[in-house]
Amino acid sequence: MPNILVYALHYDGAINKNSLGAVSEGARLAEELGGEAHAIMLGEGVAEDLAASLGRYGAKKVLVAEGPEGLAQPLVDAMAKAIGDGGYGYALFGGGLLGFEIGAGLAARLGAGVAMEVTNVRAEGGKLIAERPILGDSAISEIAYRSPVGIIIGRLNAFEARESGAGSAQVEQLSFELSEHATRATMITRGEQRGADVDIEGADVLVAGGRGLGKPEGFKLCEELAQAFGGNSAVAATRAVVDAGWYPYAAQIGQTGKTVSPKLYLAAGISGAIQHKVGMQSSENIVAINKDANAPIFEFSDLGIVGDLNKILPKLTEAVKAKKAS
Amino acid sequence: MKICVLVKEVPDAAVEKKLNPSTGRMDRSGERNLNPYDTHAIEAAMQVREGGSIPVEEIVAVTMGPESAVRALHKAVSLGADRSVHLCDEALAGSDVAATGYALAKTLERESPDLVLLGQQSDDGECYTIGAVVAEHLGMPSLTQVIKMDVSGEALRCERQAEYGYDTVEVKLPAVISVGDAINEPRYPSLKAIMGAKKKQLDSLSAGDAQVDPAKVGGENSAAQWIAAKPPPAKAAGEIIEDEDTGETVERIVAWLDERKLI
């Protein structure tokens, strides 16, 4: 069964960039397997032209299912129905929280093997092998599937969205039954923005703060340093401190936040968890300040400073100001 | 209500994690501890109990793992669980996420919990998926990475950060909820609780006791098959400055930035 079913997350009339990447990757892999990539979208009245637009990224067909948006279990039902109808050897997800939930639920439903945080997939002998970095990215393990269907959950930004030059995809309605437990969760509000609306995606210099700042006021040190750089600079934050209410959600980097690639990324008090790394690792220059010499961020920073940010940041701000003035 | 908290023993954060080169499985020797994320799940259970909006008869810590995992259960009990259940069987070794979730679900079925809580990820496997696997086997609704949870009657009102901002979701009980570390600040166990933990009831179950089908678990029966490990692409190591004299450190940073025309 050489076809690949790709989950396409959408919100507010647009398809998620990571899902576009997964569709592109699915199309590439399906071609190697001698099959087709199909996408699946679920929502309340998904627009046909939005679904058809996935053809440009290589989907031959898009299955559209009617159901509640933003929750995983309805998609487990819909994807299990599509896979049960036949033809699919793999289900593929871009990075993101829902992809993890749906992929895991689908693995349980189908008795299928699942690999998550996948950064690369290759076809070998008519089958797919998933590569997953483990142990803080110090090794890559290769996963094959014994089950009739293999589930691949990509890491955020692992798959690049590529327009294939093809036209619209064929759109087909998928009818399926919601399982009883899928009806027991209800979205009350979705996509609430917390805190100020700040723009970090276009910045050339980002000063990012994490839990190591110690308290919400610690962000003042980051803001002053960003100001010293002047021009197109801004302050960003990790999920931990955004969830704690120290800084606006709009400034968050990583798994459920923004992906950035500024000229300079200066991380203060950030340990460098994978969920953060995936959102900033393509920055041109990474400078990290952390008091813990074993912090994972030093594994992927270009310049690492082991020390107390409360001592270093104010002096660095003064020095940057002085340099700019000279 | 009865709350089961899934916990896991993981290598201590200070221990260097490595693979066993012959099996591709994680080398799980060395200093071990309760997965830090799980302490937030136990604390969440305690707060439901202490919140008083619904009576909590029992909080039960449940784990699957080798004999050493008993220590993680003792820690869980010292943090507030009333008793614990240990699924321990050589036949389970090497189970992938799907097989582990299946075996845990069978163990939970014996307890018929109204709420299953767990940490959003384990410190060693970095995977956020076990809750969704367990929920599917139990036929319960589930939500992961929850950072706020309020109980009202037969439902939970949960908040979490997802791809487009914060979502608020109502989940009817029974349910499986994985919690993020922002949900609470776990308490420290009292000395009395630590000393008393070993005296609390601990049931050790074999796979057979939990009615786990041996054909569905273990490394050989797992559907995801580890075939090889390789080093990641080499990346030039970054420069490291140990801050001793901050004035000098800052000078070096500025020079580094200046060389790259970043100021």
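Strand 18 (303-306) of chain A and strand 13 (residues 239-242) of chain B run parallel, joined by four bridges. Within this pairing, Ile305(A) has Ile241(B) as its bridge partner. Two strands pair if DSSP finds at least two bridges between them. Strands (E, at least two residues) and helices (H or I, at least four) are DSSP runs, numbered from the N terminus.

This is a predicted model; local features need pLDDT of at least 70, side-chain atom pairs count only at pLDDT 80 or more, and totals for chains, interfaces and linings use all residues. Residues are numbered from 1 along each chain as its sequence is written, while chains are lettered from A and ligands numbered from 1 in the order in which they are written.

A second pairing also crosses between the chains. Strand 13 of chain A runs antiparallel to strand 9 (residues 165-172) of chain B, with five bridges. Here Thr189(A) stands opposite Thr168(B).

Now the contact between the chains. It takes 78 residues from chain A and 67 residues from chain B. Residues are in contact if their C-beta atoms, placed from the backbone, lie within 7 Å. Helix 4 of chain A gives the largest share of chain A's side, nine residues.

Key
Two residues are in contact if their C-beta atoms, placed from the backbone, lie within 7 Å.
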